[in-house]
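Me: Could you take a close look at one helix of this protein for me, and then show me how the rest of the chain is put together? I'd enjoy a connected walk-through.

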Amino acid sequence: MTATTEILTYDTTRTDQAVAEAFGDRMVDTLNSGALALMLSVGHRTGLFDTMAEMPAATSAQIAEKAGLDERYVREWLGAMTVGSIVENDPAEGTYSLPPEHAASLCRKSPTDNIAVFAQYIPLLGSVEDDIVHCFRHGGGVPYERFERFHEVMAEDSGQSVVSALETDILPLVPGLIERLERGIQVLDVGCGRGQAVNKLASLFPNSQFTGYDISEDAIRYASQEARALGNRNTTFRVFDATRLEHSKTPGPYQLITTFDAVHDQRDPLAVLRGIRKALADNGVYLAQDIKGSSHHHSDRDHPIGPLLYTISCMHCMTVSLAQDGEGLGAMWGREKALEYFRAAGFRNIDVHELEHDFQNYWYVCRPSS
């Protein structure tokens, strides 16, 4: 008996060929862009972009030697960068160069515009694809420990959108806050990760006391080591599940509590927010950074990095919550849902801000009363 295979075909008479061809071209561009994102991540992690930014046009051997890397791999990477129009290649001279206009978006010396930092999310998320597919079929989630480099990448991300802008853009959102920090207040950062923001603030305001909570032991260990290296004696870092904050005896009340991109992936976000309200002094301020979204898929179509944010949400933020039998709120919970949760937690006065340098986040200034 001969096996037969059913071949499915589409009725092309019902298809707008121009639209189909344009979409096909877009899908090819998507494949190329995804591949380039992987190579951008490699270029960032190996320091190749930083090396080339400081060099004149050079051969692959010269670039590899300067970067301390294997020439064969560098040469193939340069091939991807050349056909992807990231670097320029002079075939007559056999040299490669990184235009300064491109370096501005790819090097550590221009941290607020370093797209290569964000490119790291692509291989990071790809490493758990099998786990995510399993969850699609069986439910559940992928736990934090499966994301080996997540806190490292998040620290770089935060270094661009948060740490570098604390003095100039973020603290001024709350009138008089800088003066209060200079005099000395109690500050808590919930979901502090590697503690970059806490340690920066602690260095800036030695009269204030800063506490950082995070569920990751590795992140807290890193934050504590950095605090010691910086000589910050006004910091305390603690491994702590923020969903327990509501029912725990905290050292507060705190005059300032912050969360930097740390609410939407919690097991129980509303419990975290209620705990923050409980720990906050009646005249205190809760400052929250969270992803800019609308709470409605159709309203996010024009978001400049909407596909990236929904992908990060599906493959990290949502799934790590579901892995704890949590709500699985997701990164794109949006402004409407965020305001609903803040109010439900007891915040009556909420201002929403956008910062010029940060197109991916809203900044919420929340107070218990008007």
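Reply: Happy to! Let's start with helix H3, residues 60-67, whose buried residues are Ser60, Ile63, Ala64 and Ala67. Here buried means under 20% relative accessible area, exposed over 50%, and partly exposed in between, with a 1.4 Å probe and protein chains only. Helices (H or I, at least four residues) and strands (E, at least two) are DSSP runs, numbered from the N terminus. After H3 comes Gly68, which has a positive phi, near 70 degrees.

A word on the source: this is a predicted model, in which local features need pLDDT of at least 70 and side-chain atom pairs count only at pLDDT 80 or more, while totals for chains, interfaces and linings use all residues. Residues are numbered from 1 along each chain as its sequence is written, and side-chain values use heavy atoms, with hydrogens and water left out.

Of its 370 residues, 46% count as buried.

The largest nonpolar core has 29 residues, and Ile170, Leu181, Phe210, Leu256 and Trp363 have the most contacts inside it. Such a core is a set of buried Ala, Val, Leu, Ile, Met, Phe, Trp, Tyr and Cys residues joined through side-chain atoms within 4.5 Å. Among the elements that give two or more residues to this core are helix H11 (177-183), helix H12 (196-204) and strand E6 (254-260). H12 gives the most, with four residues. Leaving aside neighbours within four places in sequence, Leu181 is in contact with Leu171, Val187, Phe205, Ser208, Phe210 and Leu256. Apart from this core lies another, of 28 residues, among them Leu188, Ile257, Val272 and Leu329.

One more residue to look at is Thr319, in helix H15 (residues 306-322). Thr319 counts as buried because its relative accessibility is 3%. Beyond its neighbours within four places in sequence, Thr319 has contacts that include Ile132, Cys135, Phe147 and Cys314.

Terms used:
Contact = heavy atoms within 4.5 Å.
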